[in-house]
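Here are a few notes to read with the model open beside you. Take them one point at a time.

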Amino acid sequence: MDEAQVVGLLVRRCIAGDSAAWEDIVQRHHRRIYNICYRFAGTSDDAQDLTQEVFIKMYRTLGSYDASKGAFMTWVTTVTRNLLVDHFRKTKQDRMTDSLDTAPSEHEDAQPLSAQIADPSKSAHEQVQSRETKEAVHQALQKLSPELREAVILRDLQDMDYKEIAGALKVPEGTVKSRINRGRAELARLLQRTYRQVI
């Protein structure tokens with residue numbers, strides 16, 4: 001049985017009221033959804049709240065999933081994306097007044113636990129460099145427009161292909177490629193500016 005068949009069976013069992021099937025769906029997709037929410041929202045607290053909202057929305061709309069229209073992961077990403085767009089619209093005014101200079105220590109505390117655990121195979125210097133690079137990329141991502149940010153996150157951080165992203169965002173593949181290219185270029189420009197300031 002392939003992954004699509006397994007997920008299809010889990011969805012049918014869940015719709016029939018099997019709570020174990022729902023728990024399995026949550027376990028399979030929690031990390032990915034959390035990562036999308038974290039990259040988009042920028043804080044661990046917001047990402048946890050948004051992830052919970054995504055699962056509530058998924059549970060309520062699970063019956064609308066149609067396997068003939070695409071992979072379950074594409075449907076999940078669409079649900080997540082729509083909720084994030086709604087969140088962005090609701091909080092747009094708040095973010096416009098936020099300082100762009102969030103204290104690094106404040107952000108480090110908001111990192112997912114997996115990001116805070118040191119890799120014993122790296123030296124202390126390498127670990128510091130790795131953490132600083134992740135922080136710089138995270139800060140730069142937050143400065144991209146929402147449409148460029150979501151395209152870059154889905155392609156470069158979630159490793160989705162162009163067709164899946166086009167399905168999730170409901171735009172043509174050409175638009176997806178354009179947004180990814182523009183997002184990467186803008187990200188590179190922001191990172192160059194950051195490193196010039198450091199040097």
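1. Let's start with Tyr65: Y65 is buried, at a relative accessible area of 16%. Buried here means under 20% relative accessible area, with exposed over 50% and partly exposed in between (1.4 Å probe, protein chains only). F72 is buried too, with a value of 5%.

2. Before going on, a word on the source: this is a predicted model, where local features need pLDDT of at least 70, side-chain atom pairs count only at pLDDT 80 or more, and totals for chains, interfaces and linings use all residues. Residues are numbered from 1 along each chain as its sequence is written, and side-chain values use heavy atoms, leaving out hydrogens and water.

3. Now the rings. Rings of Phe, Tyr and Trp (its six-membered ring) pair if their centres lie within 6.5 Å; planes under 30 degrees apart are stacked, over 60 edge-to-face, and the rest tilted. By that rule there are six aromatic pairs. One of them joins Y65 and F72, edge-to-face, with 5.0 Å from centre to centre and 85 degrees between the planes. Elsewhere, W22, F55 and Y59 make up one aromatic cluster.

4. Which residues lie over the face of Y162? R155 does, at 5.1 Å from the ring centre, and so does K177, at 5.3 Å. The rule asks for NZ of Lys or CZ of Arg within 6 Å of the ring centre and within 35 degrees of the ring normal.

5. Last, have a look at R179, which is buried at 12% relative accessibility. Leaving aside residues up to four places away in sequence, R179 touches E147, L148, E150, A151, L169 and V171; contact means heavy atoms within 4.5 Å.
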